[in-house]
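User: I would like to discuss the pockets of this protein. Please begin with how the residues are classed.

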Amino acid sequence: MDLGISGKNALVCGASKGLGRGCAEALAKEGVNVTLVARTAATLEATANELRQLAGDKVKISIVATDITTPQGRKEALAVCPQPDILVTNAGGPPPGDFRHWEREHWIAAVDANMLTPIELIRATVDGMMARGFGRIINITSSAVKAPIDILGLSNGARSGLTGFIAGLSRTTAHKNVTINNLLPGPFETDRLWATLEAVAKSSGENLDQVSAARRNMNPAKRFGTTAEFGAFCAFLCSVHASYMTGQNILLDGGAYPGTF
């Protein structure tokens, strides 16, 4: 299927590895010019080189080594990709733990990174998308928005705030062919997953192999997801074929969420 986005420009955050990289790779394969944003320059450059080999000479791959959760970082990223047609927001989730140990500054940092940063990026780009008559904004949040995880309270709160904001905004942009959707990943093979499993192992006294095996077996798919399949779904949401879907929270979790709705 031709997704109809070849030649478009994308800004992808957290793109050096994990789910962000999966999205960047899928978009590059579709002929999208991709600006990769992440903090670590060496990892980012290695990823960019691999994507250039995969996508070929017709696709432009740019990098911005910066902290997207800061005003300066956003300024640097938008200087390289000032008019993206596609925006994928993605920031590392706050650490797991017990809310009794979190102070005000922990909550502010979580909200700043996982709610306000995506909103600031959207504010800087959405009007341009609407003026051009095409835009796709994908926010990578978490399955915890749908089914909260007790040790991820900081993430539960901050990402739920973003979800509520997007529910309202997305209904105001669709008439200009600008869609805004949230992808809610369940357990995917990422550093974030392993950090969470290590925290569970530490608190329970079990070893990591036991915890990870139990987590796999709890999932109806009996496995963790791959970043490639996450990226492929993201690319479809960015396509011309997904223009009638907006304001949605889409679970990609192997069927782990047990609800009907």
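Analyst: Ala, Val, Leu, Ile, Met, Phe, Trp, Tyr, Cys and Pro count as nonpolar. Asp, Glu, Lys and Arg count as charged, and the others, Gly among them, as polar. The model discussed here is predicted.

User: How do the residues that line the second largest pocket divide by class?

Analyst: The second largest pocket has a volume of about 490 Å³. Of the 24 residues that line this pocket, the closest to its centre are Ile149, Pro187, Arg215, Met218 and Ala256. By class, its lining holds 14 nonpolar, five polar and five charged residues.

User: Which element gives the largest share of the lining of the second largest pocket?

Analyst: Two or more residues of this lining come from each of H6 and helix H7 (208–218). The largest share is five residues, and the element that gives it is H7.

User: Which residues are the closest to the centre of the largest pocket?

Analyst: The largest pocket has a volume of about 1,100 Å³. It is lined by 49 residues, and the closest to its centre are Asn90, Ala91, Gly92, Gly93 and Arg192.

User: Which element gives the largest share of the lining of the largest pocket?

Analyst: The elements that give two or more residues to this lining are helix H1 (18–29), strand S2 (33–38), helix H4 (104–132), helix H5 (153–173) and helix H6 (191–204). The largest share, five residues, is that of H4.

User: How many charged residues are in the lining of the largest pocket?

Analyst: This lining includes 21 nonpolar and 20 polar residues. Its charged residues number eight.

How values were computed. Residues are numbered from 1 along each chain as its sequence is written. This is a predicted model: local features need pLDDT of at least 70, side-chain atom pairs count only at pLDDT 80 or more; totals for chains, interfaces and linings use all residues. Side-chain values use heavy atoms; hydrogens and water are left out. On a 1 Å grid over the protein atoms alone, a cavity is a set of points where a 1.4 Å probe fits but cannot get out, and a pocket is an open set with protein on both sides within 12 Å along at least five of seven lines; lining residues have an atom within 4 Å of a point. Grid points are joined across faces, edges and corners, and a volume is the space filled by probe spheres set on the points. Helices (H or I, at least four residues) and strands (E, at least two) are DSSP runs, numbered from the N terminus.
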